[in-house]
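This briefing sets out the overall form of a protein model and then turns to selected residues. The sequence and structure are shown first, for reference alongside the text.

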Amino acid sequence: MEPLRLAVIVGSVRQGRFGPTVANWFADRARSRDDVLVDLVDLADTPLPEVLPAFGQAPSPEAVQALKTLTPRLEAADAFVVVTPEYNHSFPASLKNAIDWHFTQWQAKPVGFVSYGGMSGGLRAVEHLRAVFAELHTVTVRETVSFHDAWNRFGPDGLPKDPGCGLAAETLLDQLLWWADALRDARNKNPYNDRKQAA
């Protein structure tokens with residue numbers, strides 16, 4: 001079978017963010033497997049307009065140009081891992097904006113979460129994201145990887161100080177890729193969009 005395509009999304013665009021450290025570590029863990037191809041998607045490199053077009057209206061030329069960078073990568077993915085911090089008990093506006101600019105690209109695909117932050121480790125952001133992604137017809141997996149007090153959990157080499165984090169990442173990947181395989185097969189047999197429209 002063709003390897004599954006996993007998009008690892010860096011959700012924060014804040015200056016001085018810690019997200020790339022966490023995302024690079026997780027993406028490298030995923031790349032060590034032979035059943036997955038990893039695309040590291042940094043939202044700081046794929047900025048989108050903050051104003052969405054009216055319902056039924058085409059996006060502006062500037063928006064179309066911006067979407068050309070991100071949309072095909074989300075469309076190609078069989079699964080997603082969202083790497084998110086916690087801002088004020090929730091997730092960053094940059095991440096919500098990227099989610100809202102897309103719809104069918106998320107459908108009938110699994111989503112996993114790697115979070116980081118202070119005492120809560122970003123888990124309150126993850127709980128909010130589960131509700132958002134449910135509306136987009138995704139399957140969010142139970143297993144997560146989270147880092148509380150994240151800035152002190154990684155060494156200067158960009159790797160977690162606790163080797164047990166690797167086991168948590170593998171558990172998440174195993175669960176996520178099981179769903180990715182099952183849902184890819186289902187989409188190939190019966191495209192989800194066609195099924196929804198027929199209903």
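The accessible surface of the protein comes to about 10,500 Å², and carbon and sulfur atoms account for 53% of that area. The model is a predicted one. Of the 199 residues in the protein, 46% are buried.

**Overall architecture**

- The secondary structure consists of six helices and five strands, and along the sequence these elements follow the pattern β-α-β-α-β-α-β-α-β-α-α.
- The radius of gyration is 17 Å, close to the 16 Å that the globule rule gives for 199 residues, so the protein is as compact as a globular protein of that length.
- Taken along the principal axes, the box filled by the C-alpha atoms is roughly 50 × 40 × 25 Å.
- Among contacts between residues at least 6 apart in sequence, 82% join residues that are at least 24 apart.
- The protein carries 20 positive and 24 negative side chains, and the centres of these two sets lie 2 Å apart.

- Leu176 lies in helix H5, which spans residues 164-189.
- Leu176 counts as buried because its relative accessibility is 0%, and the cut-off for burial is under 20%.
- Apart from residues up to four places away in sequence, Leu176 touches Leu6, Ala79, Phe80, Val81, Pro110, Val111, Gly112 and Val141.
- Leu176 and Asp78 are 98 residues apart along the chain, and their C-alpha atoms are separated by 9.9 Å.
- Arg184 also lies in helix H5, and its relative accessibility of 9% places it among the buried residues.
- The side chain of Arg184 reaches the backbone oxygen of Glu2 at 2.9 Å.
- Beyond its neighbours within four places in sequence, Arg184 is in contact with Met1, Glu2, Pro3, Leu4 and Asp78.

**A buried arginine in a loop: Arg33**

- Arg33 is found in the loop between helix H1 (19-31) and strand E2 (36-42).
- With a relative accessibility of 17%, Arg33 counts as buried, since the cut-off is under 20%.
- The side chains of Arg33 and Glu170 are joined by a polar contact of 3.0 Å.
- When neighbours within four places in sequence are left aside, the contacts of Arg33 are Glu170, Leu173, Asp174 and Leu177.

- Asn97 lies in helix H3, residues 93-100, and is buried, with a relative accessible area of 15%.
- The side chain of Asn97 reaches the backbone oxygen of Pro49 at 3.0 Å.
- A polar atom of the Asn97 side chain also lies 3.5 Å from the backbone oxygen of Leu48.
- Residues touched by Asn97, not counting those up to four places away in sequence, are Leu48, Pro49, Glu50 and Leu52.
- Trp106 lies in the loop between H3 and strand E4 (110-117), and counts as buried at 2% relative accessibility.
- The side chain of Trp106 reaches the backbone oxygen of Ile99 at 3.3 Å.
- Leaving aside neighbours within four places in sequence, Trp106 is in contact with Ile9, Leu74, Phe80, Ala98, Ile99, Phe133, Leu136, His137 and Thr138.
- Trp106 and Leu37 are 69 residues apart along the chain, with 18 Å between their C-alpha atoms.

**Strand E4: Phe113**

- Phe113 is found in strand E4 and is buried, with a relative accessible area of 0%.
- Not counting residues up to four places away in sequence, Phe113 touches Val82, Val126, Leu129, Arg130, Phe133, Thr140, Thr144, Val145 and Leu172.
- Phe113 and Gln65 are 48 residues apart in sequence, and 28 Å separates their C-alpha atoms in space.

Notes
Residues numbered from 1 in each chain as written. Predicted model: local features only at pLDDT ≥ 70, side-chain atom pairs only at ≥ 80, totals over all residues. Heavy atoms only, no water. Helix = DSSP H or I, 4+ residues; strand = E, 2+ residues; numbered from the N terminus. Buried < 20%, exposed > 50% of the residue type's maximum accessible area, 1.4 Å probe, protein only. Contact = heavy atoms within 4.5 Å. Rg over C-alpha atoms; globule rule 2.2 N^0.38 Å. Areas by Shrake-Rupley, 256 points an atom, 1.4 Å probe, with all protein chains shown as cover. Lys, Arg positive; Asp, Glu negative; His and termini not counted. Charge placed at Lys NZ, Arg CZ, Asp CG, Glu CD. Polar contact = N/O pair within 3.5 Å; in protein donor to acceptor, adjacent residues only side chain to side chain.
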